[in-house]
Amino acid sequence: VKFSNASYYDIGSSDDFTIEFFMWPTVKQLSENAYIFGYYGGTSGPYLSVQLIESGTPRFYLYYGNGQAYDFTYSAGAVDAGRWHHVVVNRASGTLEMFLDGTRIGSTISSNTQSWDTTQVRIGHAGSDSSTVAYDGYLSNVRMVVGSAVYSAGSSITVPTSPLTAVTNTQLLALTTTTLTADASSNSVTGTLHGSGYFATDGLSPFANGA
């Protein structure tokens, strides 16, 4: 799903921000790479993308340039198929961190002032149109907040147990309803669906109450 706007998804050098989502990867996904969220725009940019790397040392990349990314490693087996995982990129007062299922992974990046100029974000396939490294699995409750951080810096966070909401400064809130192209933030951008994405009706939910 692609959401486009000239200014909603920009992140300034002094902006706190949070990008988070729930992911349920398939078996196939664990042997490949996948651009899950953002946009890696070929050789010309822009570059704001969360990528899962399962070959070699397991890690997530947060791209900020062409081939340039912050590297957040995690223990082998921490991301496995057939269950939900909560993933968060969070910058609070210049401290950039990534959390997997509530636990900080990789290294804390202090005094971070990276900025991003992003005219679109894509969910499930954040590469360029010619890229083949799409995410293979389910995604739910995707939220992008710019101008404040949802979580405080630290070694752990509390994983949400109910559907995400449009908190202050939410720029995108997607995959919270049966309408795949809906944005539940106040921006209310209608996304464009590409490929064979579909809504799962077999009871899959990252929350115990099935929401």
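Modeller: Before we start, a definition: two rings of Phe, Tyr or Trp pair if their centres lie within 6.5 Å. Please keep in mind that this is a predicted model.

Colleague: Let's look at one of them. Is the pair of Y35 and Y40 stacked, edge-to-face or tilted?

Modeller: Planes under 30 degrees apart count as stacked and those over 60 as edge-to-face. The ring centres of Y35 and Y40 are 5.4 Å apart and their planes meet at 45°, so this pair is tilted.

Colleague: And how are the rings of Y40 and Y47 arranged?

Modeller: Their centres are 5.0 Å apart, with 65° between the planes. An angle over 60 degrees falls in the last class I mentioned, so the pair of Y40 and Y47 is edge-to-face.

Colleague: Is Y47 buried or exposed?

Modeller: Buried means under 20% relative accessible area. Y35 is at 12% and Y40 is at 13%, so both count as buried. Y47 has 13% relative accessibility, so Y47 is buried.

Colleague: Which residues form one aromatic cluster with Y35, Y40 and Y47?

Modeller: We have seen Y40 paired with Y35 and with Y47. The cluster takes in two further tyrosines, Y61 and Y63.

Colleague: Moving to the nonpolar cores, which residues have the most contacts inside the largest one?

Modeller: The largest nonpolar core has 39 residues. Apart from it lies another core, of seven residues, including Y35, Y47, Y61 and Y63. Inside the largest core, the residues with the most contacts are M23, F37, F60 and M144.

Colleague: Which strands stand at the edges of the open sheet?

Modeller: The sheet has six strands in the order β9-β8-β7-β2-β11-β12, with antiparallel pairing. From one strand to the next, the twist averages 10°. A strand with a single partner has one side left without a neighbour in the sheet, so the edges are β9 and β12.

Colleague: In β12, what is the bridge partner of R143?

Modeller: β11 and β12 pair in the antiparallel sense over four bridges. For R143, the partner in β12 is L173.

Colleague: Finally, T170: how far is a polar atom of its side chain from the backbone oxygen of V167?

Modeller: T170 is found in β12 (residues 170-174), and at 6% relative accessibility it counts as buried. Its contacts include R143, M144 and V145. From the backbone oxygen of V167 to a polar side-chain atom of T170, the distance is 2.7 Å.

Note on methods
Residues are numbered from 1 along each chain as its sequence is written. This is a predicted model: local features need pLDDT of at least 70, side-chain atom pairs count only at pLDDT 80 or more; totals for chains, interfaces and linings use all residues. Side-chain values use heavy atoms; hydrogens and water are left out. A nonpolar core is a set of buried Ala, Val, Leu, Ile, Met, Phe, Trp, Tyr and Cys residues joined through side-chain atoms within 4.5 Å. Buried means under 20% relative accessible area, exposed over 50%, partly exposed in between (1.4 Å probe, protein chains only). Rings of Phe, Tyr and Trp (its six-membered ring) pair if their centres lie within 6.5 Å; planes under 30 degrees apart count as stacked, over 60 as edge-to-face and the rest as tilted. Helices (H or I, at least four residues) and strands (E, at least two) are DSSP runs, numbered from the N terminus. A polar contact is a pair of N or O atoms within 3.5 Å; within protein, one must be able to donate a hydrogen and the other to accept it, and residues adjacent in sequence count only if both atoms are side-chain atoms. Contact means heavy atoms within 4.5 Å. Two strands pair if DSSP finds at least two bridges between them. Axes are lines fitted to C-alpha atoms, for helices over the stretch in contact, and angles run from 0 to 180 degrees between N-to-C directions. Lists of a residue's contacts leave out its neighbours within four places in sequence.
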